Amino acid sequence: PEMRELIKDFYSARYANCLKIMGLLRGELLLDPYLHNHIKALYTRIREKALVQYFSPFLSVDMNKMAVAFNTDLKSLEEELTTAIMSGLIKARIDSDKKILYARQVNE
């Protein structure tokens, strides 16, 4: 039932609750003989995918609101976004003064 709720929250863009459930399930999943070696990478990829999904419909996002949506602090979110931008997952730039994430637009 928790896994179903997690998936439902992920696809309904309720990322704070989704990530909370992931945290609660982590200990149980680490006991799985097949999954335990992959949990860290799996959790990282799910979180990256959630960041991409959250940002994709916008030209700009207030990182303070995004931090609330992901139940994290602003500094950690900025570090995560920087990593996602540098790896090419998110095509954006960060205004560190205003704490706004702007989509990088390609000139035609």
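User: From what relative accessible area does a residue count as exposed, and what is the value for Tyr 11?

Analyst: A residue is exposed over 50% relative accessible area, buried under 20%, and partly exposed in between. The model is a predicted one. Tyr 11 lies in helix α1, residues 2-11. Tyr 11 counts as exposed because its relative accessibility is 64%.

User: Which residues make the nonpolar surface patch of about 340 Å²?

Analyst: Residues of such a patch have over 30% relative accessible area and no salt bridge. Tyr 11, at 64% relative accessibility, is exposed. The patch is made by Met 3, Ile 7 and Tyr 11.

User: What is the N to O distance in the salt bridge of Arg 14 and Asp 9, and is each residue buried or partly exposed?

Analyst: Asp 9 has 1% relative accessibility and therefore counts as buried. Arg 14, at 39%, counts as partly exposed. Their side chains meet in a salt bridge with an N to O distance of 2.9 Å.

User: Where is Arg 47, and is Arg 47 buried or exposed?

Analyst: Arg 47 is found in helix α3, which covers residues 39-55. Leaving aside residues up to four places away in sequence, Arg 47 touches Leu 19, Phe 70, Thr 72 and Glu 80. The limit for buried is under 20% relative accessible area. Arg 47 has 18%, so the residue is buried.

User: Which helices hold the salt bridge partners Arg 47 and Glu 80, and how many residues apart in sequence are the parts that the pair ties together?

Analyst: The closest N and O atoms of Arg 47 and Glu 80 are 2.6 Å apart, and the two form a salt bridge. Glu 80 is partly exposed, with a relative accessible area of 22%. Arg 47 lies in helix α3 and Glu 80 in helix α5, so the parts tied together are 33 residues apart in sequence.

User: What parts of the chain does the pair Glu 78 and Lys 99 link?

Analyst: The side chains of Glu 78 and Lys 99 meet in a salt bridge, 2.8 Å from N to O. Glu 78 is buried, at 16% relative accessible area, whereas Lys 99 counts as partly exposed at 22%. The pair links distant parts of the chain, 21 residues apart: helix α5, with Glu 78, and the loop between β2 and β3, with Lys 99.

User: How many salt bridges does the structure hold?

Analyst: Among them are the pair Arg 14 and Asp 9, the pair Arg 47 and Glu 80, and the pair Glu 78 and Lys 99. The structure's total is 4.

User: Which are the edge strands of the open sheet?

Analyst: The sheet has 3 strands in the order β1-β3-β2, with antiparallel pairing. An edge strand pairs on one side only, and the edge strands here are β1 (60-62) and β2 (92-95).

User: Which residue is the bridge partner of Asp 95 in β3?

Analyst: Strand β3 covers residues 100-103, and its antiparallel pairing with β2 runs over 4 bridges. In β3, the partner of Asp 95 is Ile 100.

User: Which helix packs on the sheet, and what angle does its direction make with that of β2?

Analyst: On average, neighbouring strands of this sheet are turned by 20 degrees against each other, direction ignored. The helix that packs on the sheet is α5 (residues 74-86), touching β2 and β3. The direction of α5 makes an angle with that of β2 of about 150 degrees.

Methods:
Residues are numbered from 1 along each chain as its sequence is written. This is a predicted model: local features need pLDDT of at least 70, side-chain atom pairs count only at pLDDT 80 or more; totals for chains, interfaces and linings use all residues. Side-chain values use heavy atoms; hydrogens and water are left out. Helices (H or I, at least four residues) and strands (E, at least two) are DSSP runs, numbered from the N terminus. Buried means under 20% relative accessible area, exposed over 50%, partly exposed in between (1.4 Å probe, protein chains only). Contact means heavy atoms within 4.5 Å. Two strands pair if DSSP finds at least two bridges between them. Axes are lines fitted to C-alpha atoms, for helices over the stretch in contact, and angles run from 0 to 180 degrees between N-to-C directions. Patches are made of residues with over 30% relative accessible area and no salt bridge: like charges are joined within 9 Å, nonpolar side chains (Val, Leu, Ile, Met, Phe, Trp, Tyr) within 5 Å. Accessible areas come from the Shrake-Rupley method with a 1.4 Å probe; for residues, only the protein chains shown count as cover.
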